[in-house]
Amino acid sequence: MPSRKFTALWLLALGLFLTPLLHAAAADEVWWKHAVIYEIYPRSFQDSNGDGMGDLNGITERLDYLKDLGVDAIWIAPLYPSPQVDFGYDISDYENVDPQYGTLADFDRLLAEAQKRNIRIIMDAVMNHTSDKHPWFIESASSRTNPKADWYIWRDGKGPGKPPNNWLSTFGGSAWQFDPARNQYYYHYFYIQQPDLNWRNPQVEHAMFNMLRFWLDKGVAGFRLDAVPTLFEDPTLTDEKILPGKNKFGDPNEETKLQENLPEVHGVIRRMRTMVNTYPNNRVLIGETYLPNVQELDKWYGGAKHNELQLPMDMQVGFEKKLDANEFRQRITDAETKLDGNQPLFVFDNHDNPRSAARYGDGVHNKAIDQMLATILFTTHSTAMMYYGDEIEMPTTVPTSKDQVKDPIGISGWPQEKGRDGERTPMQWNSSTAAGFSTNPNTWLPVAPDYKEVNVEVESKEPDSMLNWYKKLIALRRTDPAIHDGVMKMLETGNQQIVAWTRKAPNGEVVVVACSFAAEPQSVSLQKALGGSGKTAKTLAASGGGEQNGTVDLNAVSLPAYGSIVAQVQ
Ligand code: GLC
């Protein structure tokens with residue numbers, strides 16, 4: 001029999017051998033594949049100092065709420081010093097915090113407090129353009145010979161008052177702005193105050209990668225790359241093709257083929273991924289990638305090479321033109337089958353578009369529709385990205401007159417384009433002054449009028465609230481092995497109004513999910529589509545007022561209008 005001493009030594013050796021392996025396994029758990037990522041628009045989340053505008057200390061105060069909701073990471077829209085023409089997307093210093101949001105020390109505290117709660121922080125990396133007040137641009141604009149003369153896209157005009165070509169800014173008007181000091185035009189895809197950087201100059205890439213390192217060194221979990229398909233423009237400056245009709249700003253419609261999604265951008269992204277991969281703990285690159293189809297989306301992952309972004313946003317599923325089951329089924333299937341095994345990232349809402357109820361709601365079943373969309377977001381195999389306020393069904397409050405508008409595109413485009421204020425209103429926490437967002441009743445944008453009924457405090461107490469639906473789905477996503485990690489398979493039920501799929505865990509557990517896109521109740525047989533395995537299922541979650549608990553007959557699953565069900569096959 002081995003001596004006790006021998007056994008103890010043996011156990012110690014085994015421990016020494018296993019510990020690094022266990023650590024490696026933990027590090028390998030690729031967190032972003034299962035994550036719920038929560039977008040925070042910092043102006044609108046929580047004001048901590050009573051100036052009517054959100055700030056970093058406000059976000060820190062609300063970390064326990066986010067933890068309780070089940071959020072894994074927060075993406076914070078730009079918090080850097082900025083003249084705020086585009087509310088932070090015009091950056092004048094990449095390595096600091098705008099005083100209206102706090103200080104770098106506040107940021108460090110937010111990061112440390114978030115880390116304590118296992119919440120990661122994702123920064124917004126705005127690399128296509130800077131503010132026109134950034135020292136780089138001021139220097140670049142000062143002469144044609146300064147060291148940064150070529151850091152932006154400068155060109156001669158075609159003649160007095162004539163820009164280099166017909167390219168338009170996506171925010172209205174010509175994309176070219178004349179600068180008298182250089183007697184040249186500079187290019188801006190967004191506002192005049194957002195000059196585009198010249199990514200063909202290697203010094204620009206070098207400076208931007210250094211900026212990313214600054215934040216990576218602090219310990220952020222990754223970046224959301226703003227407007228990243230627009231980094232490069234066609235160097236020949238050929239005119240874009242003019243299309244019939246006018247856009248919301250009264251300009252002629254034009255193609256944007258020469259202004260965005262140029263192949264050169266992929267070289268930058270591959271180098272960026274290589275750089276980011278040198279950091280431990282699975283840092284992630286997320287792309288703001290509005291793309292026309294799944295083939296284009298796959299390129300942003302590096303296709304089968306998986307060497308570009310880990311998570312370019314799939315804007316196909318969440319930004320469909322209408323609530324159409326066949327379209328949704330096709331898009332979700334595409335994301336599962338045509339992305340070379342890359343991880344999909346579905347997004348239904350952000351700070352640039354009316355919230356999903358305003359886009360998909362029918363005015364009668366808005367809540368059921370939003371609940372059903374949340375079922376898609378949290379129980380498919382996709383990484384889930386949500387926008388603050390979605391969890392309480394915050395409304396989109398569009399300004400009713402031009403003088404109320406804060407977003408400049410709403411001013412220049414009024415009344416066709418009313419801007420993005422509607423989806424940026426302050427978070428509704430409770431029924432008190434300014435919905436608990438601020439002690440100051442004069443908030444930067446008015447609080448939506450429904451805040452007394454639609455807020456976190458009220459909804460926490462209502463079992464059937466949107467907030468509790470979100471919590472339930474997010475909890476299932478964390479704890480149920482099939483929903484957390486299971487292989488996903490789309491089902492053909494024969495009912496065109498139903499989108500259904502299964503998730504199968506390695507332990508054999510099968511969860512079936514069915515979502516109805518019909519305004520009338522449906523009864524659907526899932527058993528045949530499931531291949532006959534199991535006749536009943538145990539309800540894990542059901543929305544739209546359907547069966548809440550108990551056992552479901554898989555031969556006749558009833559779904560109320562826009563209902564959804566998540567059930568474990570028995
Ligand atoms: C992205 C942002 C948007 C911003 C634009 C210019 O689309 O999401 O808010 O206006 O880039 O930076």
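A polar contact here is a pair of N or O atoms within 3.5 Å. Keep that in mind for the close-ups below, which show a predicted model.

View 1. Start with Arg-224: one of its polar side-chain atoms sits 3.0 Å from an oxygen atom of the ligand. His-129 gives another such pair, with a side-chain N or O atom 3.0 Å from a ligand oxygen. For Asp-86, the distance from a side-chain N or O atom to an oxygen of the ligand is 2.5 Å. On its own the ligand would expose 310 Å², and the protein buries 95% of that. In total, 13 residues surround the ligand, with Asp-86, Asp-226, Glu-288, His-351 and Asp-352 the closest.

**View 2. Helix α10 and its start.** This helix covers residues 325-337, so 13 residues by the helix assignment used here. From first C-alpha to last, α10 reaches 18 Å, close to the 18 Å expected at 1.5 Å a residue. At its start, a side-chain oxygen of Asp-324 comes to within 2.8 Å of the backbone nitrogen of Asn-326. The buried residues of α10 are Ala-325, Phe-328, Arg-329, Ile-332, Asp-334 and Ala-335.

**View 3. The hairpin of β14 and β15.** Strands β14 (residues 487-491) and β15 (residues 498-504) run antiparallel and are joined by five bridges. Val-487 has Lys-504 as its bridge partner in β15. Six residues lie between the strands, and Gly-494 takes a positive phi near 90 degrees in this hairpin.

**View 4. Asn-495, in the loop between β14 and β15.** Asn-495 has a relative accessible area of 15%, so it counts as buried, the cut-off being under 20%. Its side chain makes a 2.9 Å polar contact with the side chain of Gln-522. Leaving aside neighbours within four places in sequence, Asn-495 is in contact with Arg-329, Gln-522, Ser-523 and Val-524.

View 5. Most residues other than glycine have a negative phi, and most peptide bonds are trans. Asn-281 isn't a glycine, yet its phi is positive, at about 70 degrees. Look for Asn-281 in the loop between α7 (265-277) and β10 (284-287), where it counts as exposed at 53% relative accessibility. His-306, also not a glycine, has a positive phi of about 50 degrees. His-306 lies in the loop between α8 (294-299) and β11 (311-312) and is partly exposed, at 36%. The peptide bond from Trp-414 to Pro-415 is cis, with omega near 0 degrees; Pro-415 belongs to the loop between α13 (408-412) and α14 (456-461).

Methods. Residues numbered from 1 in each chain as written. Predicted model: local features only at pLDDT ≥ 70, side-chain atom pairs only at ≥ 80, totals over all residues. Heavy atoms only, no water. Helix = DSSP H or I, 4+ residues; strand = E, 2+ residues; numbered from the N terminus. Expected span 1.5 Å × (residues − 1). Buried < 20%, exposed > 50% of the residue type's maximum accessible area, 1.4 Å probe, protein only. Polar contact = N/O pair within 3.5 Å; in protein donor to acceptor, adjacent residues only side chain to side chain. Pairing = 2+ DSSP bridges. Contact = heavy atoms within 4.5 Å. Near = heavy atom within 4 Å. Areas by Shrake-Rupley, 256 points an atom, 1.4 Å probe, with all protein chains shown as cover.
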